[in-house]
Amino acid sequence: MTKNIMIVGVGGQGTLLTSRILGNITQQAGYDVKLSEVHGMAQRGGSVVTYVRYGDEVAEPIVEEGQADVLIAFEKLEALRYAHFLKKDGVIIVNDQRIDPMPVVIGAMEYPTDIIDELSKKYEVITVDAMKEALEMGNARVFNVIILGVASKTMDFDESQWEEAIKNNVPPKTVDLNLTAFKKGRNN
């Protein structure tokens, strides 16, 4: 059995750190793990996709369409863009945040409305306003760990395993802040 997780967002949102935490927790649990990152103009606010696949034996790192067990989306439009990768009984965790892509910024396209409602018609969707919660904590940079806390409830690892993986992957001076952010998401 292989589990497939996709993390999607916009450059600079922390998708890579989140994938490292997931890779660490799955590896520490004894699974074979494959990670793959796709950067599409990430430095210019473009789409970033990270695949995390784990199981007894994983042959390749890429998640095929219709095979993701969990889709973690750091931005609503990215959730819509990659929802077709989710399997029928999968779940999408969506950060209720709008970041306009360049075509919207320059007026060539309009940002879709009712994204979360549309996704909810076809998929199991869990929403969180992680940026708001991170700002309430005084540090916008931990919103990705809040989302990870929400997503952790859909995976088979206990809280102590998550805490250890976070400690192993964030800068030492931010461990306490990130653990607090994780618990905030997990208690959502």
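Tyr31 lies in the loop between α1 (15-28) and β2 (32-39), where helices (H or I, at least four residues) and strands (E, at least two) are DSSP runs, numbered from the N terminus. The model is predicted, so local features need pLDDT of at least 70 and side-chain atom pairs count only at pLDDT 80 or more, while totals for chains, interfaces and linings use all residues. Residues are numbered from 1 along each chain as its sequence is written, and side-chain values use heavy atoms, with hydrogens and water left out. This briefing begins with loop residues and then turns to the cores and the helices.

**Loop residues**

- Tyr31 is partly exposed, with a relative accessible area of 30%; buried means under 20% relative accessible area, exposed over 50%, and partly exposed in between (1.4 Å probe, protein chains only).
- Not counting residues up to four places away in sequence, Tyr31 touches Thr26, Tyr54, Gly55, Asp56 and Phe157, contact being defined as heavy atoms within 4.5 Å.
- Between Tyr31 and Arg53 there are 22 residues of separation in sequence and 9.5 Å in space, C-alpha to C-alpha.
- Asp100 belongs to the loop between β5 and α3, and its relative accessibility of 34% makes it partly exposed.
- Apart from residues up to four places away in sequence, Asp100 touches Val105 and Tyr111.
- Asp100 and Glu75 are 25 residues apart along the chain, and their C-alpha atoms are separated by 9.7 Å.
- Asp114 occupies the loop between α3 (102-105) and α4 (115-122); its phi is near 55 degrees, a positive value in a residue other than glycine.

**Nonpolar cores**

- In soluble globular proteins, nonpolar side chains tend to be buried together.
- A nonpolar core is a set of buried Ala, Val, Leu, Ile, Met, Phe, Trp, Tyr and Cys residues joined through side-chain atoms within 4.5 Å.
- The largest nonpolar core has 35 residues, of which Ile5, Leu22, Ile72, Ile147, Met155 and Trp162 touch the most other members.
- Helix α6 (residues 143-152) supplies the largest share of this core, seven residues.
- A second, separate core of 23 residues includes Met6, Val49, Leu71 and Val104.
- Met155 is in contact with Ile5, Leu22, Val70, Ile72 and Trp162, leaving aside its neighbours within four places in sequence.

- Helix α6 is mostly covered, since ten of its ten residues are buried; among them are Phe143, Asn144 and Ser152.
- Val145 is found in α6 and is buried, with a relative accessible area of 1%.
- Leaving aside neighbours within four places in sequence, Val145 is in contact with Ile166, Asn178, Ala181 and Phe182.
- Val145 and Asn178 are 33 residues apart in sequence, yet 6.5 Å apart in space, C-alpha to C-alpha.
- Ala181 is placed in helix α8 and counts as buried at 0% relative accessibility.
- The C-alpha atoms of Ala181 and Val145 are separated by 5.9 Å, although these residues are 36 residues apart along the chain.
- Not counting residues up to four places away in sequence, Ala181 touches Met137, Val142, Val145 and Ile146.

**Helix α5**

- The buried residues of helix α5 (residues 130-137) are Ala130, Met131, Glu133 and Ala134.
- They lie on the same side of α5 because they cover an arc of only 160 degrees around the axis, the arc being that of the directions from the helix axis to the C-beta atoms.
- The face of α5 turned away from its buried side carries the exposed residues Leu135 and Glu136.
- The cover over the buried residues of α5 includes β5 (86-95), β6 (124-128), α6 and α8.

**Packing of α7 against α8**

- Helix α7 (residues 159-169) and helix α8 (residues 175-186) pack at an angle of about 145 degrees, with their axes 10 Å apart.
- Axes are lines fitted to C-alpha atoms, for helices over the stretch in contact, and angles run from 0 to 180 degrees between N-to-C directions.
- On the α7 side, Glu159, Trp162, Glu163, Ile166 and Lys167 meet Val175, Asn178, Leu179, Phe182, Lys183 and Arg186 in α8.
- The residues of this contact divide into five nonpolar, one polar and five charged; Ala, Val, Leu, Ile, Met, Phe, Trp, Tyr, Cys and Pro count as nonpolar, Asp, Glu, Lys and Arg as charged, and the others, Gly among them, as polar.
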